[in-house]
Amino acid sequence: MERVAAWIQEKNPGLDGPIDVHEDLIEARLIDSMDFLEFIDLLEDISGTSIDLQEVTIDDFRTLARVRERFLTPAG
């Protein structure tokens, strides 16, 4: 999760402090449509698996907790 949080911090240099794992990343505009494909590439790189966009919803990317559960744990 450190790489994901670091990537979000890099994209949002004005962000102060750590990102709460339950913060809505989309509503808070921490991830926007311009960065979304890069975010997916990052998750694929970290997880070592491909993300099929036909099998996910926007809610799978909404919070760090959900990202971890969906893409970065073996049971995801």
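Modeller: Before we start, a residue is buried under 20% relative accessible area, exposed over 50%, and partly exposed in between, using a 1.4 Å probe and protein chains only. We're looking at a predicted model, where local features need pLDDT of at least 70 and side-chain atom pairs count only at pLDDT 80 or more, while totals for chains, interfaces and linings use all residues. Residues are numbered from 1 along each chain as its sequence is written, and side-chain values use heavy atoms, with hydrogens and water left out.

Biologist: How many salt bridges does the structure hold?

Modeller: Count a salt bridge when a side-chain nitrogen of Lys or Arg is within 4 Å of a carboxyl oxygen of Asp or Glu. R3 with D45 is one of them, its closest N and O atoms being 2.7 Å apart. The total is eight.

Biologist: How many residues apart in sequence are the parts that R3 and D45 tie together?

Modeller: Helices are DSSP runs of H or I with at least four residues, strands are E runs of at least two, and both are numbered from the N terminus. R3 is in α1 (residues 2–11) and D45 in α2 (residues 36–47), so their pairing links parts separated by 42 residues.

Biologist: Which residues join D60 in one salt-bridge network?

Modeller: D60 is buried at 5% relative accessible area, and R66 is partly exposed at 27%. Their closest N and O atoms are 2.6 Å apart in a salt bridge. Through bridges that share partners, D60 is networked with R66, E69 and R70.

Biologist: How many charged residues are in the contact of α1 with α2?

Modeller: With contact meaning heavy atoms within 4.5 Å, R3, V4, W7 and K11 of α1 meet E38, F39, L42, L43, D45 and I46 of α2. Ala, Val, Leu, Ile, Met, Phe, Trp, Tyr, Cys and Pro count as nonpolar, Asp, Glu, Lys and Arg as charged, and the others, Gly among them, as polar. That gives six nonpolar residues, no polar ones, and a charged count of four.
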